[in-house]
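Visitor: I would like to go through this model with you term by term. Could you set each label against its definition as we go?

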Amino acid sequence: MRLDKYLCDMQMGTRSELKKIIRSGRVTVNQEHVKDSGTNVAETDLIEFDGKPVRYEKNITYLFHKPGDCVTAKKDSMHKTVMDYFPPELQILNPVGRLDFDTEGLLFLTTDGELLHHLISPSHRVEKTYYAILDAAVPPEAVSAFADGIDIGDDTPTLPAQLEIVSDSNPYAANLTICEGRFHQVKRMFAAIGCNVTYLKRIREGAFTLEQLACGEYRKLTEEEIALLKAKSYEKN
């Protein structure tokens, strides 16, 4: 592929920025200075940027703390999207699943189509935990009702879910762990027991949490973390 595309794919800058950088002599290919951004390179070539190797990765995955003021989409004509928080060179990412406009929390974005499919496929039952603030106390019997599966108006009840009451006084709060991704599922589950969600945040997916990421912040997953994510996703395949 072209040298500028290689470096762009590895988030070293935009194509226009990289053309200037390459012309300035800051990039070497197999220890030879190259100033033509259109030079063809292979994944096996040694590419160095300011003396530091840049290894090509076919797919990349990011963990993002989605704020509650944007839609989970690549583009939207009316609202800010999660992609507005990423620079131009990372617009190749695709959101994994969907969080509502007003829901914040953990969201994966990836270029790996196979990983994306496995994470959102109901058959793999990847666990997701949500922290919810509610307008009413959770009935004690809700814990067992959620564990058995509850009717939210679909053709079938929800799969078994784990409900933990965090606070039984105002503000009422609970953690809910589910392994599906039905439309507005968490809000509908709480509505079915007489509670309306006033705030919702995804705090865990699989083995991953938000750690110390503030709203709008993101970080790239390591190869080891991606392997862990895939192992957890594929184990029920």
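Guide: Let us begin with a strand pairing: Tyr130 stands opposite Leu176 in strand 10. The model is a predicted one, in which local features need pLDDT of at least 70 and side-chain atom pairs count only at pLDDT 80 or more, while totals for chains, interfaces and linings use all residues. Residues are numbered from 1 along each chain as its sequence is written, and side-chain values use heavy atoms, with hydrogens and water left out.

Visitor: What makes strand 8 and strand 10 a pair?

Guide: Two strands pair if DSSP finds at least two bridges between them, and strand 8 and strand 10 (residues 172-178) have seven, in the antiparallel sense. Strand 8 also pairs with strand 11 (residues 197-205), again antiparallel and over seven bridges, and there Lys128 has Glu205 as its bridge partner. The strands themselves are DSSP runs of E with at least two residues, as helices are runs of H or I with at least four, both numbered from the N terminus; by that count the protein chain has six helices and 13 strands.

Visitor: Why is strand 8 called largely enclosed?

Guide: A residue is buried under 20% relative accessible area, exposed over 50% and partly exposed in between, with a 1.4 Å probe and protein chains only. Five of the seven residues of strand 8 (residues 128-134) are buried, so the rest of the structure largely encloses this strand. Across the protein chain, buried residues make up 45% of the 237 residues.

Visitor: Which strands stand at the edges of the sheet of four strands, and why?

Guide: That open sheet has the order 2-1-3-4, with antiparallel pairing. Strand 2 (32-33) and strand 4 (52-53) each have a single partner strand, so one side of each is left without a neighbour in the sheet, and these two are the edges. Further in, strand 1 (residues 27-29) and strand 3 (residues 47-49) pair in the antiparallel sense over three bridges, with Glu48 in strand 3 as the bridge partner of Thr28.

Visitor: How do you know that the buried residues of helix 3 line one face of the helix?

Guide: The buried residues of helix 3 (residues 113-120) are Leu115, His118 and Leu119. Seen down the helix axis they fall within an arc of 100°, so they line one face, the arc being that of the directions from the helix axis to the C-beta atoms. In general, an α-helix has 3.6 residues a turn, so residues three or four places apart point the same way.

Visitor: What caps the N-terminal end of helix 3?

Guide: Asp112 does, with a side-chain oxygen 3.1 Å from the backbone nitrogen of Glu114. A polar contact is a pair of N or O atoms within 3.5 Å, where within protein one must be able to donate a hydrogen and the other to accept it, and residues adjacent in sequence count only if both atoms are side-chain atoms. Elsewhere, the side chains of Glu211 and Arg219 make a polar contact at 2.9 Å; Glu211 lies in the loop between strand 12 (208-209) and strand 13, and at 43% relative accessible area Glu211 is partly exposed.

Visitor: Why is the pair of Tyr62 and Tyr218 called edge-to-face?

Guide: A search of the whole structure finds nine aromatic pairs. The rings of Tyr62 and Tyr218 have their centres 5.8 Å apart and their planes at 70°, so this pair is edge-to-face: rings of Phe, Tyr and Trp (its six-membered ring) pair if their centres lie within 6.5 Å, and planes over 60 degrees apart count as edge-to-face, under 30 as stacked and the rest as tilted. Tyr62 lies in strand 5 (residues 61-66) and Tyr218 in strand 13 (residues 218-220), so the pair ties together parts 156 residues apart in sequence. At 7% relative accessibility Tyr62 counts as buried, whereas Tyr218, at 28%, is partly exposed.

Visitor: What makes the pair of Phe86 and Tyr218 stacked?

Guide: The planes of Phe86 and Tyr218 stand at 25°, with 4.3 Å centre to centre. Phe86 is in the loop between strand 5 and strand 6, 132 residues from Tyr218, and counts as buried at 6% relative accessibility. Ring pairs link Tyr62, Phe64, Tyr85, Phe86 and Tyr218 into a cluster.
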